[in-house]
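Here's a quick look at the charged side chains in this protein and who they pair up with. Have the structure open while you read.

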Amino acid sequence: YYTTKYSDVKMSVGSDEKKALLHFINNGMVEGRQGSDTFNVHTYKNRYVDLRNTYGNDLKSYYMHYINYGVIEGR
């Protein structure tokens, strides 16, 4: 999904899934890129005021919250 959505990433990492994942973790999260078709960090941030109050503009923290808690909480 990630390399299909972002041609610049595809050009950089080719079809190497490990490199694509590392790019997403190290760059894509900070940039607010979408790593899957089922999660959009900007929508998540805008939907939950409690998270905005905690994380502000730290986009990577929203991804981590969703992974560690949001899915379980049904957010």
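Predicted model: local features only at pLDDT ≥ 70, side-chain atom pairs only at ≥ 80, totals over all residues.

A salt bridge here means a side-chain nitrogen of Lys or Arg sitting within 4 Å of a carboxyl oxygen of Asp or Glu.

How many salt bridges turn up in the whole structure? The search finds four.

| Salt bridge | N to O distance |
|---|---|
| Arg-33 with Glu-31 | 2.6 Å |
| Arg-75 with Asp-50 | 2.8 Å |

Take the Arg-75 and Asp-50 pair, joined at 2.8 Å. This one ties together distant parts of the chain: Asp-50 belongs to helix α5 (residues 49-55), Arg-75 lies in the segment after α6 (59-73), and 25 residues separate the two. Arg-75 counts as partly exposed because its relative accessibility is 26%.

Now for Arg-33, whose side chain meets that of Glu-31. Is Arg-33 buried or exposed? Its relative accessibility is 14%, so Arg-33 counts as buried; the cut-off for buried is under 20%. Glu-31, on the other hand, comes in at 44% and is partly exposed.

Definitions and conventions. Residues numbered from 1 in each chain as written. Heavy atoms only, no water. Buried < 20%, exposed > 50% of the residue type's maximum accessible area, 1.4 Å probe, protein only. Helix = DSSP H or I, 4+ residues; strand = E, 2+ residues; numbered from the N terminus.
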